[in-house]
Amino acid sequence: MTINQSALSTLISEVLADPDLAHSDVFRRMLQAGMQDLIEAEAAAKIGAQRYERSERRTTRRNGSRGKTLATPAGEVELAIPKLREGSFFPSLLNPRRRVDKALYAVICQAWIDGVSTRKVDHLVRALGNETGISRSTVSRICADIDEMVAEFLSRRLDHTWFPYVYLDATYLDVRIRGRVVSQAVVIATGVSAQGRREILGMAIGDAETTDFWTGFLRNLRERGLKVATDAEPLGVALVISDAHAGIKAATKAILPGAGWQRCRVHFARNITQHLGSAHSKPVNALISTVFAQTTTEAVTAQYQQVTDGLRTGFPEIATMLETAEPDLTAFAAMPREHWQKVWSNNPIERLNREIKRRADVVQIFPNRDSITRLVGAVLQEQHEEWQYGERRYLSEVSMRKLIHTLHDTDQTRPELLWTA
């Protein structure tokens, strides 16, 4: 008998030995054992060998497992997802994209029922196999299941670890409110945990990116357990990365007073392009990029000053912009060298926004705000799980230990990291 059959075999032996076992628990454990066997079989096929088996077809080895709780009609089952030394593995049985597809399906159907869909949406609904339409009760049931799952995810506690890096950004989606199509701001926060893994921290929808809106959003994250750095305990949010939106900066200073702020270098380059035009901005941005090619904090500071001085004659306005932005553009230099490329721009969360846009473009106009939360929340939850189950960490454990030493030494050696309240 192979090892991956032992769970099911053990359960059958227990049932035969004790016929009085609760039927509901037996069904749940039978489902769990069967699913675990299928997961183990798929992992063995990917690896090219069973556990402890010597095989010329073997491509890698197991490296422990990650636990996953799966909700089923028979109750919650605990599954072990094998980890690999090289590459990543997620069983097709769990189908990580199913939740997003259901959310997209529900939003499209809701728009179709409400009579606000375009011809394209109508064609999409029919392409999904609903030639005669879909009932309101069916859509309501689908939406209720997704809404409950998304609400639980977006309101979960954040005090299970600390997040030294927090990324903030917003994208805009069209929604129908009181008969008018208006643009709504969807703000998203992601973070890098103490374990070096990325997580979705939260999202919110508002009319615009005002200071009050960003302040309320960050306050919610803090109330849910997002740790704030203090003199007594520096292991809180160390750096917030975003574009130069005044509302974000003001809200960060008010709600996360122990955190520094890194202005996204990519957005700053775009600001220069808008100011000078495409032709003139290329050599200027190329010169500024030499600041980010340095390898030490001292070299970054020296090169920044040299670039600023070099632009005073030909581009005095750009030199002034650089002088004003220096503490914000170079905040990354207070962090470990291994983290610089990960924290000096907002590109990671912008890639996430592009995935949201890709899904939202199918809907085009959302029928209400709840449908935005439903679809975007499902996309975020799926991305969160992929980050958690991915084999590769966003930042290494060794570099995270360096960060801890850096933060504990901040008061003596890195005073520019902290904002005064």
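Predicted model: local features only at pLDDT ≥ 70, side-chain atom pairs only at ≥ 80, totals over all residues.
Residues are numbered from 1 along each chain as its sequence is written, and side-chain values use heavy atoms, with hydrogens and water left out. Local features need pLDDT of at least 70 and side-chain atom pairs count only at pLDDT 80 or more, while totals for chains, interfaces and linings use all residues.

We can start with the salt bridges, each being a side-chain nitrogen of Lys or Arg within 4 Å of a carboxyl oxygen of Asp or Glu. The structure holds 15 of these salt bridges. In one of them, Glu40 meets Arg51, with the closest N and O atoms 3.7 Å apart. This pair links distant parts of the chain, since Glu40 sits in helix H2 (residues 23-47) and Arg51 in the loop between H2 and strand S1 (62-72), 11 residues apart. Helices (H or I, at least four residues) and strands (E, at least two) are DSSP runs, numbered from the N terminus. Glu40 also forms a salt bridge with Arg62, here with 2.8 Å between the closest N and O atoms. Because Glu40 lies in helix H2 and Arg62 in strand S1, that pair ties together parts 22 residues apart in sequence.

Burial is judged by relative accessible area: buried means under 20%, exposed over 50%, and partly exposed in between (1.4 Å probe, protein chains only). On this scale Glu40 is buried at 9% and Arg62 is buried at 18%, whereas Arg51 is partly exposed at 36%. Another salt bridge joins Glu355 and Arg359 (3.7 Å, N to O). These two residues are 4 apart in helix H13 (residues 347-363), which means a separation of about one helical turn; both Glu355 and Arg359 are buried.

Helix H14 (369-389) contains Ala378, which is buried at 0% relative accessibility. Ala378 and Asp147 are 231 residues apart in sequence, yet their C-alpha atoms are 8.9 Å apart in space.

Turning to the strands, S4 (residues 180-192) and S5 pair in the antiparallel sense over 8 bridges; pairing requires that DSSP finds at least two bridges between two strands. Gly191 stands opposite Glu199 in S5. The hairpin of S4 and S5 has 5 residues between the strands, and Gly196 takes a positive phi near 85 degrees there. Strand S5 (residues 198-206) is mostly covered, with 9 of its 9 residues buried.
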